[in-house]
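I opened this notebook to keep a record of what I looked up, one topic at a time.

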Amino acid sequence: MEEGTLKSPSNCEVTDSQGAYGDTDPFQWDTREDCEVRQILDRVADKWSLLVIALLDSHVLRFTELRRKIDGISQRMLTVTLRQLERDGLVKRTVHPVVPPRVEYELTPLGATLHTTIRSLVTWTEKHQNEIAAARADYDARAAADGEATPAAPVAVGAPSAR
């Protein structure tokens, strides 16, 4: 069984289609353990998956190329991430029968549709990064004035660098 997956995932049906949240209630899929929507969101929203999908947009890359381009990822974590994305049908793995074996990764058509969505998220982040930085600074100043602890390491806002 892959890391981070449930033993027997199943589909979840929306039972409150006209609740207080319009078409669907986002808390419904979030709280039920057997819902695949949560599992899929956990996978595709993972920082390593986002970076792999972004790097594979219109590119075929070898494992070592991906590892070199993704700062801070271990060989094991990249392997796990690629296997999970392949299992979900987002990445295609091709092994070429040469010595030593050459393995390449590319987005599937389904993965390419996800990249479009990720690009929209990155564009939003780039557009609003100054507002977010200002809000963080305001929060940190208020917390410091109140004697509260601020987050230890602020997370950089912006697009992942593909180098």
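I began with strand 2 (residues 91-96) and strand 3, which pair in the antiparallel sense over six bridges; strands here are DSSP runs of type E with at least two residues, helices are DSSP runs of type H or I with at least four, and both are numbered from the N terminus. I noted that two strands are said to pair if DSSP finds at least two bridges between them. Before going further I wrote down that this is a predicted model, in which local features need pLDDT of at least 70 and side-chain atom pairs count only at pLDDT 80 or more, while totals for chains, interfaces and linings use all residues. Residues are numbered from 1 along each chain as its sequence is written, and side-chain values use heavy atoms, with hydrogens and water left out.

Within this pairing I found lysine 92 opposite glutamate 106 of strand 3, and I saw that strand 2 and strand 3 form a hairpin with five residues between them.

Next I looked up strand 1 (residues 61-62), which pairs with strand 3 (residues 102-107) in the antiparallel sense over two bridges. Here leucine 61 stands opposite tyrosine 105, and arginine 62 has glutamate 104 as its bridge partner. Taken together, the three strands form an open antiparallel sheet in the order 1-3-2. Strand 1 and strand 2 stand at the edges with a single partner strand each, so one side of each has no neighbour in the sheet.

For the overall order, I counted through six helices and three strands, and from the N terminus on they run α-α-α-β-α-α-β-β-α.

I then turned to the helices. Two packed helices are described by the angle between their axes and the distance between the axes. The axes are lines fitted to C-alpha atoms, for helices over the stretch in contact, and angles run from 0 to 180 degrees between N-to-C directions.

How do helix 3 and helix 5 pack, and at what angle? Helix 3 (residues 47-55) and helix 5 (residues 75-87) pack at about 70°, with their axes 10 Å apart. They are therefore roughly perpendicular to each other, a label for angles of 65 to 115 degrees, whereas under 35 counts as roughly parallel, over 145 as roughly antiparallel and the rest as oblique. The contact (heavy atoms within 4.5 Å) involves Trp48, Ser49, Val52 and Ile53 of helix 3 and Met77, Leu78, Thr81, Leu82 and Leu85 of helix 5.

Helix 3 also packs with helix 6 (residues 109-146), at an angle of about 110° and with the axes 9 Å apart, which makes helix 3 roughly perpendicular to helix 6. In this contact Leu50, Ile53 and Ala54 of helix 3 meet Gly111, Leu114, His115 and Ile118 of helix 6.

Is valine 44 buried or exposed? At 13% relative accessibility valine 44 counts as buried, since buried means under 20% relative accessible area, exposed over 50% and partly exposed in between, with a 1.4 Å probe and protein chains only. Apart from neighbours within four places in sequence, valine 44 is in contact with Ser49, Leu50, Leu90 and Leu114. For the protein as a whole, 25% of the 163 residues count as buried.
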